[in-house]
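Please load the model in a viewer and keep the selection panel at hand.

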Amino acid sequence: MSEQEKERNRTQEEPVKEQAEYTPSVQTEFMREKIKQKPVNKKKLLRRTVITAVMAVVFGLVACFTFLVLEPVISNRLYPEEEPKEVAFPEETPIEEMKPEDMLVKEEDVEAQTPDQVDLEMVDEQIQEVLSQVDREFTLEDYQTLYEELRKLAEDAGRAVVTVAGVTSDVDWFNNIYENVASASGVIIANNEKALLILVSAGNIKGADSIVVTFCDQTQAEAELVQKDDNTGLAILSVPLSSIGRETMDQINIAELGSSNTANMLGMPVIALGSPLGTGGSISYGMVTSTGTVIDLPDAAYKKITTDIYGSRNATGIVINLKGMVIGIIDNVNTGNDMSNLLTAFGITELKGTIEQMSNDKERAYLGVHGADVPKEAIEDTQIDTPAGTYIREIEIDSPAMDAGIQSGDVVTKVGNTEITTYNELLGILHASKPGDVLKVTLTRQGHELSVDVPLGSW
């Protein structure tokens, strides 16, 4: 082999040797990469978290507001709810009781009848039957029968009487929770097809956390306050019909309101129901002894019915006549000290307007006057020259009447175009008005006539 060939072979072998001497460790070290985590920006993360929480709260508030606004609208569209029936008591026409002289047959009436219309033998038999009953001795059995009939009447009317309990929670010295319960007797006065409406004294439910009504069958249901009258201290409660069972509805009654303007009311036998003796479910019998007193209150004049029934100063309930009709709501607050334990009541006739307004939850107009009818003697006396109307006895301080310039001693003769001759006529116009209405009142002051505009307020 020549030298040139050897040299060429050596040149070809050298690269191979260099490749054999290559160390992979050097190349691997060159290609190795170290990955580091990106540093956390705590301020940015906190800001995003706060923004997310705030947006969630805003979204929740918007969703709640939208639901509260739209839910009633959608529900009313899909399931229209009927409005409660308006409570209205029929206008009463005083029933004149027959006097003894009216029972006698007048001679001219007998002469006016034909012989065919008068059967003398039948009349004689009836007279003899009446006389025989008068002459008959009244026995203890008769007394027992009489009181049994009174008890049945009381039981039937008592189905409309309920017990109203105002429950108030409190904490004693040892942080133990206990409940105070104040109860009063109320009466069911209406059914507006949504709830039963109950008239009761408001003093026992003032500040109560919950109000529980117990019906005659001892079932209970929660009630809500509709409206109360600070003038009389009475309130109207509502018990939803949905919370009253069918069996209870079959047992209870709605009270029938009678009249406290019945002629010859003095001496009328009456029954007190509810809690006339201060305990629920008590019954008392008696008679009306006085109806001439008027309970003078602002924008009102309620008849005061006094009985000879000895009861409690805390008595509540109703007074009914022998027809089972309510003629009074027991109220011993306005009883004098000389007869503090004799049951007295508001006359139901004068209360009906107030009960209607409270039952329908209507705002009541406020004038702020104490009035009375002008005596007939003053009207007939030509020297005094006093017109018929409402005599203003007193004005409430800061009342609409005082602000309009009405004074004690004025005589209201006209409201708008309506002539006023009695205080009840003025009260009727006031009850038909609304707060904010402006009444043009014409009055007489010291012989001079003037007119004032009175913007009515509200209770």
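How much space lies in the largest pocket? The volume is about 790 Å³. This is a predicted model, in which local features need pLDDT of at least 70 and side-chain atom pairs count only at pLDDT 80 or more, while totals for chains, interfaces and linings use all residues. Residues are numbered from 1 along each chain as its sequence is written, and side-chain values use heavy atoms, with hydrogens and water left out.

**Stop 1: the largest pocket**

Select Asn261, Thr349, Glu350, Gly353 and Asn424, which are the closest to the pocket centre among the 25 residues that line the pocket. On a 1 Å grid over the protein atoms alone, a pocket is an open set of points with protein on both sides within 12 Å along at least five of seven lines; a cavity is a set where a 1.4 Å probe fits but cannot get out; and lining residues have an atom within 4 Å of a point. Grid points are joined across faces, edges and corners, and a volume is the space filled by probe spheres set on the points.

Next, colour β9, α9, β14 (369–373) and α12, the elements that give two or more residues to this lining. Helices (H or I, at least four residues) and strands (E, at least two) are DSSP runs, numbered from the N terminus. The largest share, six residues, comes from α12. By residue class, the pocket lining holds eleven nonpolar, seven polar and seven charged residues. Here Ala, Val, Leu, Ile, Met, Phe, Trp, Tyr, Cys and Pro count as nonpolar, Asp, Glu, Lys and Arg as charged, and the others, Gly among them, as polar.

**Stop 2: the largest cavity**

The model has three cavities of 30 Å³ or more. The largest cavity contains about 110 Å³ of space. To find it, select Asp299, Gln357, Arg364, His431 and Trp459, the closest to its centre of 13 lining residues. The elements β9, α9 (348–359) and α12 (423–432) each give two or more residues to the cavity lining. That lining divides into six nonpolar, four polar and three charged residues.

**Stop 3: helix α12**

Buried means under 20% relative accessible area, exposed over 50%, and partly exposed in between (1.4 Å probe, protein chains only).

**Stop 4: Ile355 in helix α9**

Move to Ile355, which lies in α9. With a relative accessibility of 1%, Ile355 counts as buried. Beyond its neighbours within four places in sequence, Ile355 is in contact (heavy atoms within 4.5 Å) with Phe89, Ile189, Leu199, Ile236 and Ile348.

**Stop 5: aromatic pairs**

There are three aromatic pairs in the structure. Rings of Phe, Tyr and Trp (its six-membered ring) pair if their centres lie within 6.5 Å; planes under 30 degrees apart count as stacked, over 60 as edge-to-face and the rest as tilted. One of the pairs is Tyr147 with Tyr285, edge-to-face at 5.8 Å centre to centre and 70 degrees between the planes. This pair links helix α7 (residues 140–157), which holds Tyr147, to strand β8 (residues 282–297), which holds Tyr285, across 138 residues. Tyr147 is partly exposed at 46% relative accessible area, and Tyr285 is partly exposed at 33%.

Then select Tyr302 and Phe346: their ring centres are 5.5 Å apart and their planes at 75 degrees, so this pair is edge-to-face. Tyr302 belongs to strand β9 (residues 300–310) and Phe346 to strand β12 (residues 342–347), 44 residues apart. Tyr302 is buried at 4% relative accessibility, and Phe346 is buried at 1%.

**Stop 6: two loops**

Finish at Glu193, in the loop between β2 (177–191) and β3 (195–201). Its phi is positive, near 70 degrees, in a residue other than glycine. Gln446, in the loop between β18 (438–445) and β19 (448–455), has a positive phi of about 55 degrees. Glu193 counts as exposed at 54% relative accessibility, and Gln446 counts as exposed at 77%.
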